[in-house]
Amino acid sequence: PRRYVIAHDCGPISNPDGLRNQIEGGLLQGTSRTLVEEVTWDEHRVTSVDWSSYPSLHLDYEMPAIETVFVTPTGVPATGAGETSITLVPAAIGNAVFDATGARLRDVPFTPARVLAALRAAS
């Protein structure tokens, strides 16, 4: 089954449900950025200025299951959670593609053209 497993250490946790929501939201945002979101521009300005020119995952996207592991060492200060889970998604998906195909994806989003180029380069 497709799933994300993420461990997060931000020190003591005062609101586990809120932290889980923050982590899962970051994974969703990171997945959208990895698969479809891309800022575009021409020689004068940014051209991806609305939902038509800057796509994101559709609301009916079937998100993989998420297993969250809280790392809770004792005697450490709280460090906050932020949106750190966004940052790991391109590597996780890219490594899964590499494991399955031998093709390395290094630029997001992983568009069909970039995947095809990576597959050609790997063969």
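**Close-up views of a predicted model**

**View 1. The loop that holds P109.** P109 is found in the loop between α2 and α3 (112–122); helices (H or I, at least four residues) and strands (E, at least two) are DSSP runs, numbered from the N terminus. This is a predicted model, in which local features need pLDDT of at least 70 and side-chain atom pairs count only at pLDDT 80 or more, while totals for chains, interfaces and linings use all residues. Residues are numbered from 1 along each chain as its sequence is written, and side-chain values use heavy atoms, with hydrogens and water left out. The peptide bond from V108 to P109 is cis, with omega near -5°. Most peptide bonds are trans.

View 2. With 25% relative accessibility, V108 counts as partly exposed, a class between buried (under 20% relative accessible area) and exposed (over 50%), computed with a 1.4 Å probe on protein chains only. Apart from neighbours within four places in sequence, V108 is in contact with R33, T34, E38, P90 and R114, where contact means heavy atoms within 4.5 Å. From C-alpha to C-alpha, V108 and L35 are 7.0 Å apart in space, yet 73 residues apart in sequence.

**View 3. Strands β1 and β2 with helix α1.** Strand β1 (residues 3–8) and strand β2 (residues 65–70) are paired in the parallel sense over six bridges; two strands pair if DSSP finds at least two bridges between them. From β1 the chain passes through helix α1 (residues 16–35) to β2, a β-α-β crossover that is right-handed: with the strands pointing away from the viewer, the path from the first strand over the helix to the second runs clockwise. The covered face of β1 carries Y4, I6 and H8, and the uncovered face R3, V5 and A7. H8 stands opposite F70 in β2.

**View 4. The largest nonpolar core.** Among the 13 residues of this core, Y4, L19, I23, L27, V89 and I93 touch the most other members. Such a core is a set of buried Ala, Val, Leu, Ile, Met, Phe, Trp, Tyr and Cys residues joined through side-chain atoms within 4.5 Å. Two or more residues come from each of β1, α1 and α2 (89–101), and the largest share, three residues, from α1. Leaving aside neighbours within four places in sequence, L19 is in contact with H8, C10, I13, F70 and A81.

**View 5. R104 and the ring of F98.** R104 lies over the face of F98, at 3.8 Å from the ring centre. A charge sits over a ring if NZ of Lys or CZ of Arg is within 6 Å of the ring centre and within 35 degrees of the ring normal.
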